[in-house]
Amino acid sequence: MSTNRRDFIGGISAVCATEVLAGPFRNVFAAPQSPHIKFPTGPRSRIGISAWAFRSIIDAPLNDERDPKLSAIDMKDFGAYVRDKFSVVNIEPYNRYFRSLEPAYLDQFRNALEKSGTHAVNIAADMDTSYFDADTATRAKSITEAKKWIDIAVAIGSPSVRTSMSSVKNPPNLDLAAESLKPVADYAAPKNVVVHLENDNLVAEDAFFIEKLVRKVNHPYVRALPDFGNSYGSGDRAFAARAVKALFPLAYAISHVKPTSTTAQGKEMQVDLAAAFAAAKAANYKGYFSMEYEGKEEIHAATAKLIDQSLKLV
């Protein structure tokens, strides 16, 4: 996701299947407890679809990008919708599109997923505060907000949540961000919910800042979320390729697949999908690939095309 979607601040339990985390992650993280999530292995079963990408049809009080000319759905029904349209059973809800955060609605959400045989594999949770804000009280708000979305992930059965760091007046501060993330990680661990950090912003969430931050926190429940396209916003293809390569060894449950990205000057950049998937394979990444098309093509056709491209490369 990109930084123009930072507006929403917005609490609960589920059980993920068991599999001991193996491979190179043991060498990267020193903490004794590791996430235990059983990932599917079939190519299509590893594909997910981002709710944010379908903002034109999701009816939610805080969604100001819905197209009134199109038939709308509630996000709790998004799983059934994408299973019908794309034969995909994994969705990535977006925090801004929850119609309610009341327990009754979250129960309805989880029940709708179970009824349709679909799963939430990550919640993309944008926050208006930052883990590295110079103000102590504001950092505390970030911690509280992250814990809330961890509880909501548990409530709907999602094994992970992506939290964010909005731009603030002070430059990114590695020490402050790591200090804030440690209690978040400790809160997430007993719930078996992984907290991801995305290369979502070339300033506040630069890929190489995220890489340093995940390594500094050094907790198995704090991981990177490699977005294939966001670092292309720099206009530098080589930088973007290095960014994805740097993040995949630190990734766990979720990544974002985009075919294009747009720079601040409006130039559309073509993403090297083959190189990004190769980076995932090289890092022995076992998690999900969430389709997050954000270009100008009709969303259903564009997503179907992106799924087909991805299935050839997974």
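The protein chain has nine helices and eleven strands, where helices (H or I, at least four residues) and strands (E, at least two) are DSSP runs numbered from the N terminus. This is a predicted model, in which local features need pLDDT of at least 70 and side-chain atom pairs count only at pLDDT 80 or more, while totals for chains, interfaces and linings use all residues. Residues are numbered from 1 along each chain as its sequence is written, and side-chain values use heavy atoms, with hydrogens and water left out.

Of the 314 residues in the protein chain, 57% count as buried; buried means under 20% relative accessible area, exposed over 50%, and partly exposed in between (1.4 Å probe, protein chains only). The accessible surface of the chain comes to about 12700 Å², and 52% of that area belongs to carbon and sulfur atoms; such areas come from the Shrake-Rupley method with a 1.4 Å probe, and for residues only the protein chains shown count as cover.

Two strands are taken to pair if DSSP finds at least two bridges between them. By this criterion, five strands form an open sheet with parallel pairing in the order S3-S2-S1-S11-S8. Strand S3 (119-120) and S8 stand at its edges with a single partner strand each, so one side of each is left without a neighbour in the sheet. Within this sheet, S1 and S11 pair in the parallel sense over three bridges, and isoleucine 49 has methionine 291 in S11 as its bridge partner.

Another open sheet consists of four strands in the order S4-S5-S6-S7, again with parallel pairing. Its edge strands are S4 (123-124) and S7 (222-225), each of which pairs on one side only. Strand S5 (residues 160-163) and strand S6 (residues 194-198) are joined in the parallel sense by four bridges, with serine 160 standing opposite valine 194 in S6.

Helix H9 (residues 299-311) has 13 residues and reaches 18 Å from its first C-alpha to its last, close to the 18 Å expected at 1.5 Å a residue; the expected span is 1.5 Å times one less than the number of residues. The buried residues of H9 are Ile299, His300, Ala302, Thr303, Leu306, Ile307 and Ser310. Seen down the axis of H9, these buried residues fall within an arc of 160 degrees, so they line one face of the helix; the arc is that of the directions from the helix axis to the C-beta atoms. Their cover, counted by contact (heavy atoms within 4.5 Å), includes strand S1 (47-50), helix H2 (78-86), strand S8 (254-257), helix H8 (273-282) and strand S11 (288-291).

Most residues other than glycine have a negative phi.

Asparagine 95 is buried, with a relative accessible area of 0%, and its side chain reaches the backbone oxygen of aspartate 126 at 2.9 Å. A polar contact is a pair of N or O atoms within 3.5 Å; within protein, one must be able to donate a hydrogen and the other to accept it, and residues adjacent in sequence count only if both atoms are side-chain atoms.
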